[in-house]
Amino acid sequence: MALLARRNLFHDRIRFAVTLTGIVFALVLIIIQFGLFLGFTTTTSNNIDHSNADLWIVFHSVGYFDTGRMFTERKYYEVLSTPGVQQAEKYIQNFANWKKPDGGVENIQIIGFRPGSGLGEPWNISQGRAIDVKQEDGVIIDELYKAKLGVASIGDRVEIGDHRARVVGFTRGIRSFTTSPFVYTSFKNSLNYTRPQSREDQLTYILIKTTPGYTPAEVQKNLREHVSDLDVYTSEEFSRRTRFYWMFTTGAGLAVLTAALMGLVVGVAVVAQTIYAATMDHIREYGTLKAMGATNRYLFRVLIEQAVWSAVLGYGFAMIVAHFIVQASEKGGALILMPIPMTIGMFFLAIFMCVAAALVSISKVTRLDPAMVFKG
Amino acid sequence: MTQFSPSIKTALVTGQPASPKPVIRARKLSRVYSEGATELRALSGVDLDLDAGQLTLMMGPSGSGKTTLLSILGCILRPTDGRLELLGEDVTSLPEKDLPRIRREAIGFVFQGFNLFPTLTAAENVALAMDIRGVRGAPARQRADGLLREVGLQDRMHAFPADLSGGQKQRVAIARALAGDPPILLADEPTAALDSTSGRAVIELLQRLAHHHGRAVVMVTHDPRVLSYGDRILHLEDGRLVREEAAHHSPGGAQHFPPFQAVADFVKEIPAEF
């Protein structure tokens, strides 16, 4: 049975190549769409997820990270006096103009944090240190945006909001979901760069580290009782809200998921067509098997085995292709993620896709009249 | 498993008819094909008893019901009316799902067009028939090798069907049909596509399987070259069994059909100038 399944599958190499191409195409399409979805999702909330904060305090009704609104510094002191707050750090997120050395202007997002605080700092630093932004006008940007922002190395000078700035470090792989790259600097510098929207006594977020012995939920409750006009979220909550906004409220995620679903449908259709055609090529052989006494269960297993072989090989090739695409995406503007659970999930999806595609053929073969062997 | 009667088992082991009970017993077999309001009676009230150890030839013009009868005897097609017993078991009363088991355990098929699996070697074709019966690995390979030796193909075991001659293909098909050691062998014009030498080799093989191995071999044929090999010749016309002839065995083992009307009719029709 296994031998017949394999031989019938591999015998016509051109047909098998077409089958594999269909499977690989469908799987790669699905991987890219889901990978993009994951990449987008991760990108939208990366500053929250890497903030090392337990809680985020945001202006009332601010739904997601990129539209933080300024509020008075007085709230910061109210927060500090709340039971369960071990550490609170002021944090700025605001848009500004970056004037390139050649005179061009780019829109950027300024992220202001307190260097050395351990909260809200940039990560994956490839050159320089986070603490270096303590230097006057020091900023850190991501390597991905060197060309976009017109800088090449540490020490390059630019202007942000008519204030001088100097590149003191680079990160690797911190993307912005919007078209405005993140520029990390000290809280103090960030106020200068974002004038006139921001004032000395204002901030966008407060990042909280809770005291050991308190759960984030307990401190969240305390803060809601102590501090008015502000919302308090755990990092997970704020991250989820931000992701949900970008992925579903804007429709961006829905579009990507729909494309992934279309990939699945196209994949099943392509594979079903090729497996069906291969089955019809051997239909007389299946009739002979039935005449010889093979049960429908036996024929079912032959076709399922062919489907599984197609899936396994298609999956293997798809993973190779996807690996190169994912690697290439790391240097591009759009991140495609392929975490291990997704890799495993894709294997089962490939099996499901091919087995589902084989069902039409199975239905045809199990209804086959073995008397056909005596006809012509 | 099929519950064969003790006398049939004895016949299978010894190769000798041990019981008056036939291997195949058909009573009033009929088959009607319906298409809308139209009915086509392909077989009408056929009575038949076939014994182990005999090569039975089935002849008749196209549309006479030979293939329909062969399909019913092979449990591939159900009769519309009548009763069929194979090895003492009434197969007409069995549910559809039991018929593949009967085909696996009691019947071997040989087809006119060989119906070999082109992607498998000769040995693999035979082993596949074992696989259907749940025998795999070394036992299946050994059995396949043994059967191919028996049909004289020990040198062609690893050849693909495309590399075999017509006669060799048919011998592989016979080896495959024997994989389950069936007491009944049904052959549909097995020599039709073969030259005279290959055809003779195949019919001699089928005769040997009947006479020396005690199988009931039923063969549909139009081929006048094989007539002298049959123990019985059944003539069908318009779905009816119209005539039956039995061979007269000479003391030396050869056989002939003295009143063989079909050959006489055939010879009469040949123009004198031919």
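**Close-up 1. The hairpin made by S9(B) and S10(B).** Two residues sit between these two strands, and Asp238(B) in the turn has a positive phi of about 50°. Strands here are DSSP runs of E with at least two residues, helices are runs of H or I with at least four, and both are numbered from the N terminus. S9(B) and S10(B) pair in the antiparallel sense over six bridges; to count as paired, two strands need at least two bridges found by DSSP. Look along S10(B) for Arg243(B), the bridge partner of His235(B).

A word on what you're looking at: this is a predicted model, where local features need pLDDT of at least 70 and side-chain atom pairs count only at pLDDT 80 or more, while totals for chains, interfaces and linings use all residues. Residues are numbered from 1 along each chain as its sequence is written, with chains lettered from A and ligands numbered from 1 in the order in which they are written.

**Close-up 2. S3 and S9 of chain B, side by side.** Strand S3 (residues 55-59) and strand S9 (residues 232-237) of chain B run parallel, joined by four bridges. Met58(B) stands opposite Leu234(B) in S9(B), and Met59(B) stands opposite His235(B). In general, strands of a sheet pair through backbone hydrogen bonds, either parallel or antiparallel.

**Close-up 3. The whole sheet of chain B.** Six strands make up this open sheet, in the order S6-S7-S8-S3-S9-S10, with mixed pairing. At the edges you'll find strand S6 (107-110) and strand S10 (240-246), each pairing on one side only. Neighbouring strands are turned by 20° against each other on average, direction ignored; the axes behind that angle are lines fitted to C-alpha atoms, and angles run from 0 to 180 degrees between N-to-C directions.

**Close-up 4. Two loop residues of chain B with positive phi.** Asn115(B) isn't a glycine, yet its phi is positive, about 55°. Find Asn115(B) in the loop between S6 and helix H4 (122-132). Asp181(B), also not a glycine, has a positive phi of about 50° and belongs to the loop between helix H6 (166-177) and strand S7 (184-188). Asn115(B) counts as buried because it has 23 C-beta neighbours inside 10 Å, whereas Asp181(B), with 14 other C-beta atoms within 10 Å, is partly exposed. Buried takes 20 or more other C-beta atoms within 10 Å of the residue's own, exposed 12 or fewer, and partly exposed lies in between, with C-beta atoms placed from the backbone.
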